[in-house]
Amino acid sequence: MSLTKTERAIIVSMWGKISTQADAIGTETLERLFLSYPQTKTYFPHFDLHAGSAQLRAHGSKVVAAVGDAVKSIDNIAGALARLSELHAYILRVDPVNFKLLSHCLLVTVAARFPADFTAEAHAAWDKFLSIVSSVLTEKYR
């Protein structure tokens with residue numbers, strides 16, 4: 001699966017807006033993940049998972065920064081996220097389904113924060129992009 005020129009343009013354009021609120025979006029995405037899919041909390045037993053906690057904000061920032069790395073390397077997402085894939089597969093041993101859950105929560109968060117920009121075309125482009133990101137992150141599991 002690959003992105004079309006139009007989809008790439010949509011992703012890069014919206015990223016310009018998303019990146020200005022990256023920390024808040026990352027935090028909200030994780031809060032949404034843990035509320036909607038409480039089983040994902042098992043990977044964070046040492047975190048304070050209360051809304052807005054410092055640890056949640058810090059990890060949310062890392063999550064969105066990784067998405068930003070994928071956007072910046074939109075022609076080589078696998079290369080941009082290779083270390084992250086290895087970390088989650090071999091060291092953290094995160095169940096790969098969690099990447100899809102996280103992607104969904106990020107998609108919902110972006111849609112809620114940018115409703116005017118989140119057209120049907122943008123939704124489709126971001127869904128496809130995040131599917132690629134999820135697939136890349138699970139590459140080491142195969």
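## Overall fold

In this chain, 78% of the contacts with a separation of 6 or more are between residues 24 or more positions apart, where a contact means heavy atoms within 4.5 Å. The model is predicted, with local features needing pLDDT of at least 70 and side-chain atom pairs counting only at pLDDT 80 or more, while totals for chains, interfaces and linings use all residues. Residues are numbered from 1 along each chain as its sequence is written, and side-chain values use heavy atoms, with hydrogens and water left out.

Let's look at the elements next. The chain holds 7 helices and 0 strands, running α-α-α-α-α-α-α from the N terminus. Helices (H or I, at least four residues) and strands (E, at least two) are DSSP runs, numbered from the N terminus.

## Size and surface

How does the radius of gyration of the chain fit with a compact globule? A compact globule of 142 residues would have a radius of gyration near 14 Å, and the chain, with 14 Å, agrees. That radius is taken over C-alpha atoms, and the globule rule is 2.2 Å times the number of residues to the power 0.38. Along its principal axes, the C-alpha trace spans about 40 × 35 × 20 Å.

Of the 142 residues, 42% count as buried. Buried means under 20% relative accessible area, exposed means over 50%, and partly exposed lies in between (1.4 Å probe, protein chains only). The chain exposes about 7700 Å², with carbon and sulfur atoms supplying 57% of it. Accessible areas come from the Shrake-Rupley method with a 1.4 Å probe, and for residues only the protein chains shown count as cover.

## Aromatic pairs

Rings of Phe, Tyr and Trp (its six-membered ring) pair if their centres lie within 6.5 Å; planes under 30 degrees apart count as stacked, over 60 as edge-to-face and the rest as tilted. By this rule there are 3 aromatic pairs. One of them joins Phe34 and Phe44 edge-to-face, at 5.3 Å centre to centre and 65° between the planes. Phe34 sits in helix H2 (residues 22-36) and Phe44 in the loop between H2 and helix H3 (54-72), so this pair ties together parts that are 10 residues apart in sequence. Phe34 counts as buried because its relative accessibility is 5%, and Phe44 counts as buried at 15%.

Trp126 and Phe129 also form an edge-to-face pair, with 5.4 Å centre to centre and 85° between the planes. Both lie in helix H7 (residues 120-137), 3 residues apart, about one turn of the helix, and both are buried. Elsewhere, ring pairs link Phe34, Phe44 and Phe47 into a cluster.

## More of helix H7

Which residues does Ser134 touch, not counting those up to four places away in sequence? Ser134, in helix H7, touches Phe99, Lys100 and Ser103. Ser134 is buried, with a relative accessible area of 5%.

Lys128 lies in helix H7 too. Is Lys128 buried or exposed? Its relative accessible area is 19%, so Lys128 is buried. Leaving aside neighbours within four places in sequence, Lys128 is in contact with Met1, Ser2, Leu3, Thr4 and Glu7.

## A nonpolar patch

On the surface, Leu87, Ile91 and Leu92 form a nonpolar patch with about 280 Å² of accessible area together. Patches are made of residues with over 30% relative accessible area and no salt bridge, with like charges joined within 9 Å and nonpolar side chains (Val, Leu, Ile, Met, Phe, Trp, Tyr) within 5 Å. A salt bridge is a side-chain nitrogen of Lys or Arg within 4 Å of a carboxyl oxygen of Asp or Glu. Ile91 lies in helix H5 (residues 82-91) and counts as exposed at 64% relative accessibility.
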